[in-house]
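This report describes charged side chains and how they pair. Please look through the sequence and the model before reading on.

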Amino acid sequence: MTAKEIDIFFVHPCSGYLLSKHIVCSKKEAQKYESRFPHVAKRNELFTTTSSFHRIRNNDVVYVHTDPPMIRYFLDTIVPYLKKQQIKVILFTGKETLPQVRRTALSERLLACDQIRLWISQNPIYQNHPKYFAFPYGLRSSHRMLDIYHAYYRRSNASKTIVLSNMAQLAHHHLPKDHIRNKHQVLFHKNKLTIEEYMDTLHRSKFTVSTAGDREDCYRHYESILMGCIPVSNISKSLYGPIFGDSMVFMSDNELVACVKNKCGLTYQKPNLDIVLLQYWKDRVQQRLGSSVTWDW
């Protein structure tokens with residue numbers, strides 16, 4: 001599989017860039033994308049090249065970084081142009097690094113914007129809204145890791161000898177004191193594994209502890225599913241249920257702590273492996289838009 005093929009095989013934090021025709025981000029971030037994906041066409045840079053607005057067409061995907069200045073630029077500068085030209089677009093918000101999108105006055109403006117046909121969002125903040133679509137953060141996006149994931153993909157089933165694995169989970173320095181990784185550090189193993197040991201453990205596990213990190217969505221959720229393992233997590237079911245469905249066990253912090261301590265009974269069923277595939281999410285977005293909207297990723 002070529003580098004370009006594997007980039008669009010799995011869903012990962014940079015999928016928004018690959019699925020879009022236009023981007024709103026800093027020049028430095030745009031250059032990072034061009035360096036990371038030299039084999040794909042350069043996206044139309046709307047933030048650094050205002051004269052390129054004329055390239056936007058009806059139903060194009062516009063990828064906007066979640067930095068508030070970028071969202072404001074989209075709303076205050078690009079949307080008036082779209083309105084004047086009677087153009088409606090598909091908005092994709094996301095970013096591999098923080099900040100993630102937050103529920104603020106800016107997000108409310110996006111949701112109410114008539115020029116946005118559908119808002120596709122990593123790290124979702126709304127539920128059950130006709131214009132909003134929760135999109136996965138996904139697997140790690142480096143070439144090395146995508147190659148490793150592909151080597152494990154559809155690997156023959158291992159004997160599931162571990163009921164609930166509980167591997168090291170870092171408590172990032174900026175996490176609040178009441179975050180589960182700080183408040184209950186004793187629950188998590190301290191020793192980090194090699195990537196091979198880590199993936200092998202997931203492969204042999206029916207379930208694994210996969211808490212929220214510096215955001216609710218994280219790589220371990222998807223790495224677990226890739227290995228046929230169900231993540232047990234304290235993230236919001238109302239927000240992430242549309243992404244994971246029955247392929248995740250949702251618990252509160254206290255329930256998760258009790259589960260780890262008491263080795264509570266869990267009923268295993270193989271997770272939906274399609275969740276880690278980009279094509280699966282492209283198809284779901286198309287279903288959401290309906291046949292009346294034709295567009296080109």
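## Terms and basis

A residue counts as buried under 20% relative accessible area, as exposed over 50%, and as partly exposed in between (1.4 Å probe, protein chains only). Helices (H or I, at least four residues) and strands (E, at least two) are DSSP runs, numbered from the N terminus.

The model is predicted: local features need pLDDT of at least 70, side-chain atom pairs count only at pLDDT 80 or more, and totals for chains, interfaces and linings use all residues. Residues are numbered from 1 along each chain as its sequence is written, and side-chain values use heavy atoms, with hydrogens and water left out.

## Salt bridges overall

Side chains of opposite charge can pair when their charged atoms come close. A salt bridge here is a side-chain nitrogen of Lys or Arg within 4 Å of a carboxyl oxygen of Asp or Glu. Searching the whole structure gives 9 salt bridges.

## R109 and D76

R109 and D76 form a salt bridge through their side chains, with an N to O distance of 2.8 Å. This pair links distant parts of the chain, 33 residues apart: R109 belongs to helix α5 (residues 105–112) and D76 to helix α4 (residues 68–85).

R109 has a relative accessible area of 38%, so R109 is partly exposed. D76 is also partly exposed, at 46%.

## E223 and R140

In the salt bridge between E223 and R140, the closest N and O atoms are 2.9 Å apart. E223 sits in helix α9 (residues 219–226), while R140 is in the loop between β6 (132–135) and α6 (143–152), so the pair ties together parts 83 residues apart in sequence.

Are the two partners buried or partly exposed? E223 is buried, with a relative accessible area of 0%, whereas R140 is partly exposed at 32%.

## R204 and D200

The salt bridge of R204 with D200 has an N to O distance of 3.0 Å. Both residues lie in helix α8 (residues 195–204), and because they are 4 residues apart there, about one helical turn separates them.

R204 is partly exposed, with a relative accessible area of 28%. D200 is partly exposed as well, at 32%.

E29 is located in helix α3 (residues 27–36). Its relative accessibility is 18%, so E29 counts as buried.

Which residues does E29 touch, leaving out those up to four places away in sequence? With contact meaning heavy atoms within 4.5 Å, E29 touches H65 and K95.
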